[in-house]
Every structure is written in C-alpha cells, then in structure tokens.
Amino acid sequence: MGGIFAAISKSSENTVPIVIEGLRRLKYRGADNSGIAVLLDGRIEIFKEVGSIEAVSAKLGLENISSRIVLGHTRFATHGRPTVENAHPHTDCGRRIAVVGDGALSNYEDLRDKLLMEGHKIISRSDFEVVAHIFESLLNKEYRSSEFLEEIYSKMEGYFSFAVLEAEKQRIIATTNGPKLFYGLSDKYVLLSSSQYALHGFADQYGVLSPGELIILSKDGPTIYTSEGLAKQVQSLPLQLDPILVEKGGYKHHMLREINEVPEALLRTLSSVQKRYLNLAGRLVTGADNIYIIANGTSLHAGMIASYYFSELAGISPIVTSAAEFPLYYLENVGPGTLVIAISQSGETGDVLSSLYEAKLRGATILGITNYVGSRLARLSNLYLPIAAGPEIAVPATKTFTSTLQVLYLVALSSSRQKGKIEESEQKTRLEAIKKLAQNLDERLAFIDSEATKAAEKISLCRSGYVVSRGLTYPLALEGALKLKEASYFHAEGVEAGEFKHGPFVLVEQGFATIFIMPVEKVSAEATYPLIEMARQTGATVVVIGPENNQKLLELSQDGVTIIRAVETERHLAPISLAVPLQLLAYRLGEKLNRPIDTPRHLVKAVTQ
Ligand code: F6R
C-alpha cells in the first residue's frame, strides 16, 4: 500500500509544500518511506528517505526546493524492506521518468528477471521500479495512449495504480486497475491523489479514475483516456468534504476505515504474496516432521482457523498454541525437522519473538507471517510472507486478521497442491473465489453495516454475552468476543456450540446477548438451530450471523431474532466473510457506547514485552 500525491502549478508557483501536505494527510496509508520527484531545470531530481514525509522533509531540507511540477509518495513496505533504495519515486536507466505506485505487481519477480536479462539496471527490491523500466521502451517513440495502456496491461499483473512524471513533456501520466486515484482541479493547480480527502483546500473540483483508464495531467488540465485509449470528456464534481475527516481518509475512526478496507486489502494481499515464495512455504510445510503455529490474540485466532485449512486441504495437523505457552510446554519436541509458523501483524510481539529465539536455537525453521516486512519477526524468519494489508492504526485488528487468514489459506493451498491433493486448476478456481469475495464484500459492506448497527442497538441494552460457533468458525467466535471487548468494552465470551449446553447456557436470560455465527459444516449448522431456539425462549437478545442466502435466517428474523447477513462464499473463505459483520458489530457497539474505539484503555498496538 502507499499514497500517491502530485501537483502541477498552472503558472510558475512552487508545489513542493502542497505535495508535502498531501503526503502528510495520506500517512495512514503507510509512512515507512517517503519521497518526491521534482523537475529542476527540466531534469528529474529525486529526494527520498526512510520515514514519514515530515521526517524526510526535515532531513533533506525539502522546504528549500522549488518546482512547479512535483510527484510524491508515502510508502507501506510490502516488496522490499523500508530502505532508501526501495523508497519511491523510482527512475528508468536514463532518468527520464520517475514512477510512484500503490498496490502490488503479482508477477514482479518474473518481470524483474526479464528486465535484468535485457540489460536494465534495477537497483531496488520495490516492485514499482520495474514499471519505470517497462515504460522506458516507449520513451524513444511518440507513443499513443492506447500503446501505453497495451504495454502496461499486457505485461503487468496484480492490483496496482501508479503515476509517471515525464521530464521531457512536463506532465504526469497515471493509471489504475483497482486502487483509487483521484484528480483535483482549481484555478491554480492540477492534482492527483490516492484519496479525495487529501485534496481538501487545494482543489475545488475532483473526479475519480475508473479501472483501466489513463489520465494525463499537465498545466493545461487533465485528459482522460478510456481503457481502449480513446479520449473521454472529463466530468468533475465539486469537492465538498468534512475537514474533520481528512486525517482519517474520510472516516470517523481508523477502525471503521480499516474494516471498509478489508475487500481491497484482500486484493492487495493476493498480489503481494509472490508465487515462488508461496511454493517455498508449501515445501516447508510438506517437508516438516512437526509443525507449530504460534501467535497471540487475533493472530492466534487466525492460526487456529489455519489448522483446519492445513488439516482439510493438506492432511497435515499442526499444533496451534499461544506464543506465551510455546516456550513453556513444547520446546522438547522442537528440532531441525520442526517448522514454526509464527504469525504477528506487528512482527514485534514479545512472546512471539522470544519463542522464535528458542526455536531457532534448537534448529527449527521459521516461516514468518507479518504485516511489517521491516519487523524483527521478518528478520528472524527463514522465509516470511507479507500480510500486505496496509498499515493498521486502530488497536482492534480487523483487515490484518482477514488478510492473515488469506495468506494462511494460500500456504495451505500450496501445501495441498504439493501433496498432489488438488490440481492446479482447482488452486486457480480457489484464487478466483477470493477475488469474487472481495468484490462482493465491497458491494455489500454498507448493507452489512446497516444490519450490524441495528444488532448493536439491541446488544447495547445487554450486560454481557456469548459469541457461539463451531468447527471452522469456532475460532471466529473467540475473535468476535475479543473484538467486542476491545472496541466496546462489552463483556463477551467465545463458546464452542457443542459446549453450549454443558454449562454456558445457565447465564442465558433476558438482558443477555447470544450471538451465533452459523457454522459452515452442514451437520453443525443443523445442530445450531435448536440452540438458537433455546436461547430465544429464555427472552435473551439473539443475533445470528450467517450467509445471505440462508432461508432459515429469514424465518428466524420473523421470530424476533436479529440477523446480520454475510456475503456468500466458498467454505474455507467463510471465516473471512463472517469476520466482517462481527467487526462491524463490535465497532457499532463501541460507537453507541461512546468508547475510545481506536485506542482502548490499557492496550497498545504491539505488545513488545
Ligand atoms: C486484537 C489485538 C491483539 C493482537 C495481539 C497480537 O485486536 O490487537 O490481540 O492481535 O496483541 O498482535 P500481533 O499480531 O501484532 O502479534
């Protein structure tokens, strides 16, 4: 993930300060690296460093630089660690263009190998550097927009947007196949931004680029070309925004923004996890004598769900344990044949890191899964896979949970494939199902939110509650209860549905909330309906979260049960789909109860000790 911001002055005004402010507002999209490309005497000059744009600006003295055309970037590292070389903007061999990008190229490694063979000089591990070199071939001729689009979309795969500053033509060209890109206009400037909110105060008109389109920005304004390369009329809208929402990208809380980013985070993850490393991860899993999955909190719940993935898809049963327990009880069986799968979105969780030191000392191999590729977890791992969900600022983890599940699912699929349990075609179909889920989630999120808001109203009248499920979604019940505690201070416990009658039922009565997540296994689902009925008859508040096409859910809603309909998807992706309504429920309850949702008391984002 990253943030793109560019400005062209229609006269000779310096736009460096505007781009610095734009990038500062986009910091929630990542600030591992920042940089700008400017035109000085017709030549491209790059100023980039490690850190946020404010830090980079202070270090490099950006206030002393003046240029009327500036292309800037703030980076969340997914390909390549947060180093100066990996910071955007990148240039081609002849330094005639500068490129910044958002998203990820799924065929990056292949493109890089090919360009190196052709003699290009590639200096970073950032995927967007290859865009500069691909584009280089077009520079020697008077190319048309259709050729540019053809060149890009025939070669590059993944989920990406990028912008190119062309020195000779004094213009900026940009395109996207998914990540949002907005242009902004005023009497003084022509602008480009990853969020319309960052344009506040600089533009009074704006517009959004559709996937596959190309925009060319110059001091004369924008020209937009359709995916076929035909010029289209630019239709902009008045930019009227609530300035209070600027810093959080248009949302009241980071948690709400981050839940809304779940669909695109899934697509980012899918493009970021490179095939060759996934194959390697699959080989580590299938070749290990014994496997431990270790993590804490939300990441542990993701690990618990992953054990079902490995067992069902690859016939492998890892031991899943809290990273706090691992060094106390499991080290005796850890040796050179052991694989430890360590999950931590921050990559800095103390218990995870100390477990890894112990495991490494005994010769274990470490497969790390983290959102921060510059973290200690990444450095300690023999192989790491990026979660690539983009930065998560709110303490309650949301989009990193769903993207972690996806990475683990991809590893399980790769292991399954290597054990000959599934064909390549099935693997592909399953990857397509992830894209479909992301698309459907994106379309349905507002509706799910409206149902979650109604359910939160009812739960706000209760003093305590359970989240109940079974099988693949049982760990999701634990996760739902954790989210309710963190975001709304509502006491909830996760209960395995089979255990419901063995004790927990005693507390269920009027004023108590029972939230059921419909199990994905048919037998378990059938066994859950009588429990829902039992809870309903006590007068308790009953909420059921299930797939939207489940007719039974509608019948329950007529019996006074509150339902939240999740997006229908294939079995193994159901925990991802069902997590979203739970997250929204926790958020809306926190909002209703006026809790400090993003920063719950006593908690920190990374528990390092
Ligand atoms: C839950 C939450 C915590 C973390 C836990 C592990 O919303 O934020 O439970 O999941 O502290 O953190 P990471 O994944 O960074 O190791």
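The points below cover the overall build, the cores, the ligand site and some local features.

The model is predicted. The protein has 18 helices and 25 strands. Its radius of gyration is 25 Å, close to the 25 Å that the globule rule gives for 609 residues, so the protein is as compact as a globular protein of that length.

**Overall build**

- Taken along the principal axes, the C-alpha atoms of the protein fill a box of roughly 75 × 55 × 45 Å.
- Of the 609 residues in the protein, 61% are buried.
- Among contacts with a separation of 6 or more, 71% are between residues 24 or more positions apart.
- The protein exposes about 23,200 Å², and carbon and sulfur atoms supply 49% of that area.

**Nonpolar cores**

- The largest nonpolar core has 84 residues. Tyr309, Ile341, Leu385 and Val411 are the residues with the most contacts inside this core.
- Helix α18, residues 574-592, gives the most to this core, with eleven residues.
- A second, separate core has 29 residues, including Ile18, Tyr28, Ile53 and Val246.
- Leaving aside neighbours within four places in sequence, Leu385 is in contact with Val273, Tyr277, Leu278 and Ala281, among others. The contacts of Leu385 also include Leu367, Gly368, Ile369 and Thr370, as well as Val407 and Val411.

**Ligand site**

- The ligand is surrounded by 15 residues. The closest are Ser299, Ser344, Ser346, Thr349 and Glu486.
- Glu486 places a polar side-chain atom 2.6 Å from an oxygen atom of the ligand.
- Gln345 takes part through its backbone, with a polar backbone atom 2.8 Å from an oxygen atom of the ligand.
- Val395 also has a backbone N or O atom at 3.1 Å from an oxygen atom of the ligand.
- Taken alone, the ligand exposes 410 Å², of which the protein buries 92%.

**The Glu348 and Arg376 pair**

- Glu348 is in the loop between β18 (338-344) and α11 (350-361), whereas Arg376 is in helix α12, residues 376-380.
- The side chains of Glu348 and Arg376 make a polar contact of 2.7 Å.
- Not counting residues up to four places away in sequence, Glu348 touches Leu353, Ser375, Arg376, Val607 and Thr608.
- With the same exclusion, Arg376 touches Gly347, Glu348 and Leu353.
- Arg376 and Leu353 are 23 residues apart along the chain, and their C-alpha atoms are separated by 7.6 Å.
- Arg376 has 34% relative accessibility, so it counts as partly exposed. The range for that class runs from the 20% limit for buried to the 50% limit for exposed.

**A covered helix**

- Helix α4, residues 129-139, is mostly covered, with ten of its eleven residues buried.

**Backbone features**

- His88 and Pro89 are joined by a cis peptide bond, with omega about 0°. Pro89 lies in the loop between β4 (69-75) and β5.
- Asp41 is in the loop between β2 (33-40) and β3 (43-50). At 82% relative accessibility, Asp41 counts as exposed.
- Ala388 is not a glycine either, yet has a positive phi of about 55°. Ala388 lies in the loop between β20 (383-386) and α13 (399-418).
- Is Ala388 buried or exposed? With a relative accessible area of 2%, Ala388 is buried.

Technical notes. Residues numbered from 1 in each chain as written. Predicted model: local features only at pLDDT ≥ 70, side-chain atom pairs only at ≥ 80, totals over all residues. Heavy atoms only, no water. Core = buried A, V, L, I, M, F, W, Y, C linked by side-chain atoms within 4.5 Å. Buried < 20%, exposed > 50% of the residue type's maximum accessible area, 1.4 Å probe, protein only. Helix = DSSP H or I, 4+ residues; strand = E, 2+ residues; numbered from the N terminus. Contact = heavy atoms within 4.5 Å. Near = heavy atom within 4 Å. Polar contact = N/O pair within 3.5 Å; in protein donor to acceptor, adjacent residues only side chain to side chain. Areas by Shrake-Rupley, 256 points an atom, 1.4 Å probe, with all protein chains shown as cover. Rg over C-alpha atoms; globule rule 2.2 N^0.38 Å.
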